[in-house]
Each structure stands twice: as structure tokens, then as C-alpha cells.
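Visitor: I am new here. Please show me the structure, and then let me ask about it.

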Amino acid sequence: MKHNERSMTPAPYSDTVFNDDALAGLARIPDASIDLIIADPPYSLGKDYGNESDKRSDADYLQWMEKWVDAALPKLKSNGSFYIFLTWRFAPEIFVMLKQRLQMVNEIIWDRRVPSMGGSVRSFTSVHDTIGFFVKGKGYYFDLDSVRIPYDAETKKARSRSLFVGAKWLEVGYNPKDLWSVSRVHKCDPERADHPTQKPLEIIDRMIYASCPPGGMVLDPFMGSGTTAVSARRCGRHFVGFELNPDYCDIIRARLQTPYAQRMENNNQPSEPVRPKVPKKISA
Ligand SMILES: C[S@@+](CC[C@H](N)C(=O)[O-])C[C@H]1O[C@@H](n2cnc3c(N)ncnc32)[C@H](O)[C@@H]1O
């Protein structure tokens with residue numbers, strides 16, 4: 001991080017979600033002041049967010065994506081990171097655009113754990129979202145230990161060969177892979193808010209622990225139901241963001257009062273299956 005990038009006094013916009021257009025809001029954020037940007041823009045699939053934001057033509061959509069990206073990136077510190085949620089339909093074009101501006105670290109596949117129920121008869125059923133993880137430069141902040149996945153007792157026992165004894169990865173857990181298998185937030189889930197594309201807290205928590213230092217600042221230009229705000233608060237980070245729909249801003253305010261937004265210990269217990277159980281062989 002450059003010497004002049006650290007500020008000890010909380011910014012006036014800290015822990016605020018503005019009912020505003022992202023482009024207008026970003027103009028008020030100082031350059032090089034943000035540790036992590038988590039962006040979950042409309043996917044251009046025609047969803048109803050109470051506005052026309054997801055109903056652009058393909059060309060308009062790609063142009064708009066470039067416009068807000070160019071307004072957002074100067075806000076990142078030199079060791080900052082940028083995650084973006086996308087659909088496979090536009091990820092190729094948007095990754096090319098982003099790779100001209102940032103270094104790409106990962107393409108993460110979010111497997112939404114959609115149950116198998118019919119689906120298209122002319123294609124394979126799409127059950128994932130694409131997440132791009134980009135950074136400004138080589139010295140980016142990344143706290144792997146805070147997101148390691150602990151091995152269960154059975155796996156530890158299975159790796160008891162002397163070669164592995166004392167191996168750090170066996171004791172502290174492994175590095176999450178680039179396939180994140182986390183259930184989407186069901187209508188009956190207590191975490192669920194009244195928003196059509198709410199993301200699971202588990203996913204955003206992992207991004208924040210890994211890519212924003214404690215006490216740092218996370219920016220989300222498209223807050224939706226406020227998952228990034230809730231996650232930042234419970235992980236001990238600050239947040240700022242924008243949302244066009246005033247009803248969603250009310251939802252965010254309400255979510256920030258729930259137990260989900262209470263400061264929590266990082267217990268690294270992901271819901272994804274750690275290791276599939278191998279069925280016991282039946283003796284003949
Ligand atoms: C995919 S959703 C975000 C969902 C969010 N990550 C969550 O977990 O709830 C995108 C949101 O961006 C909002 N939006 C669309 N265009 C916007 C703009 N120009 N400025 C600010 N918000 C915008 C939409 O109203 C919608 O709520």
C-alpha cells in the first residue's frame with residue numbers, strides 16, 4: 001500500500017448505503033480509498049428490480065458495464081481487489097474488458113446447488129454463476145489463513161503417513177478451490193430478504209475475510225438487499241454502497257438490525273461438502 005493511502009479517521013460515508021445511482025455515488029468516493037470492491041451488477045437477463053436496470057440491449061449493457069467499471073477502479077487502493085458476479089452469457093466479453101485494466105487472479109464458479117428438475121431440453125441446465133477475482137497489482141492483500149477449510153477428523157486420519165505429519169495445510173485446513181458449492185438463498189431460508197437475486201452471506205464473508213484487512217473498507221456499487229453491508233459489519237469491516245431502488249434500501253436498513261449483522265467470530269465452517277463419503281463395499 002502506498003504511504004498516503006491509509007487514513008485513521010473514519011470516512012464520512014463509512015457504513016452507509018446511498019439510495020443513488022452507482023455512477024453518481026462513485027463520483028463522491030475519494031480515489032485510492034477502498035480495499036475491496038464487490039460488484040453484483042444486473043446480469044442483463046430482464047429481472048425486475050423495480051427499475052429498468054436489467055432490461056438493456058446487449059450492446060448497451062456492455063457499454064454501461066465498461067462505464068461504471070472505469071468509474072469504480074480508481075477508488076481501489078494499489079493493493080486492492082475486485083470481485084464481480086456475472087452470468088456465463090456475458091462473462092467472456094467482460095473478462096476481456098477487465099483484463100485490459102486489472103490482473104485476473106481467478107475465475108470462480110459458484111455452484112448454486114440447484115436441484116435437478118427437468119430444465120432445458122436443447123441445452124445443459126445452467127446452475128452456476130461466474131465470479132471474476134481481479135487485483136490492481138502483485139502486492140494485493142490476501143489472507144489465506146482466514147478462509148482455509150479445516151479437514152474433518154476422518155481425512156486427517158487418512159493422511160497420517162509420516163510425510164504429512166506436521167504439514168501446515170493438514171493442521172490449518174486447505175485453500176478453498178475455485179468451485180464454490182453454496183446453496184442459493186431459498187425463499188424459506190431465514191437469511192432470505194425480499195430481493196430476487198440475493199447472494200448468500202457465506203460467499204461474501206469469504207471474499208471479505210480473504211481480500212479486505214480487518215477494519216478496511218468494502219465498496220459495493222449495487223447493494224440489492226445489502227448482503228455486502230451485512231457481511232462487512234459481521235466480519236468487522238466498513239462498507240459503502242449504492243442502490244437505485246428505495247424499497248431495497250429499507251430492506252438493507254432492516255437487515256443491518258438482524259442477528260445476521262452482529263459481529264461474529266470467523267469459524268471457517270463452510271456449508272460446502274468437505275469430502276464425499278465413499279460407500280462401504282458390500283462383501284459378497
Ligand atoms: C444483482 S442485484 C444485487 C444483489 C445483491 N448482491 C444482494 O445480495 O442482494 C443488482 C442490484 O443493483 C441495483 N441497480 C441496478 N442499476 C443500478 C445503478 N445504476 N446504481 C445502483 N444500483 C443499481 C438493482 O436495483 C439491484 O437491486
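**Around the ligand, then into the fold**

Visitor: How many residues surround the ligand, and which are the closest?
Guide: A residue counts as near if its C-beta atom, placed from the backbone, lies within 6 Å of the molecule. By that rule 20 residues surround the ligand, and the closest are Ser-53, Phe-222, Gly-224, Ser-225 and Thr-227.

Visitor: What kind of model is this, and what pLDDT does the protein average?
Guide: This is a predicted model: local features need pLDDT of at least 70, side-chain atom pairs count only at pLDDT 80 or more, and totals for chains, interfaces and linings use all residues. Residues are numbered from 1 along each chain as its sequence is written. pLDDT is the predictor's confidence in each residue, from 0 to 100. At least 70 is reached by 92% of the residues, and the average is 91.

Visitor: Why is helix 6 largely enclosed by the rest of the structure?
Guide: Helices here are DSSP runs of H or I, at least four residues, and strands are runs of E, at least two, numbered from the N terminus. A residue is buried if 20 or more other C-beta atoms, placed from the backbone, lie within 10 Å of its own. Helix 6 spans residues 201-211, and it is largely enclosed because the buried ones number 10 of the 11.

Visitor: In what order do the strands of the open sheet lie?
Guide: Strands pair if DSSP finds at least two bridges between them. The sheet has 8 strands with mixed pairing, in the order 1-8-7-2-3-5-4-6.

Visitor: Which are the edge strands?
Guide: Each edge strand pairs on one side only. They are strand 1 (16-18) and strand 6.

How values were computed
A residue is buried if 20 or more other C-beta atoms lie within 10 Å of its own, exposed if 12 or fewer, and partly exposed in between; C-beta atoms are placed from the backbone.
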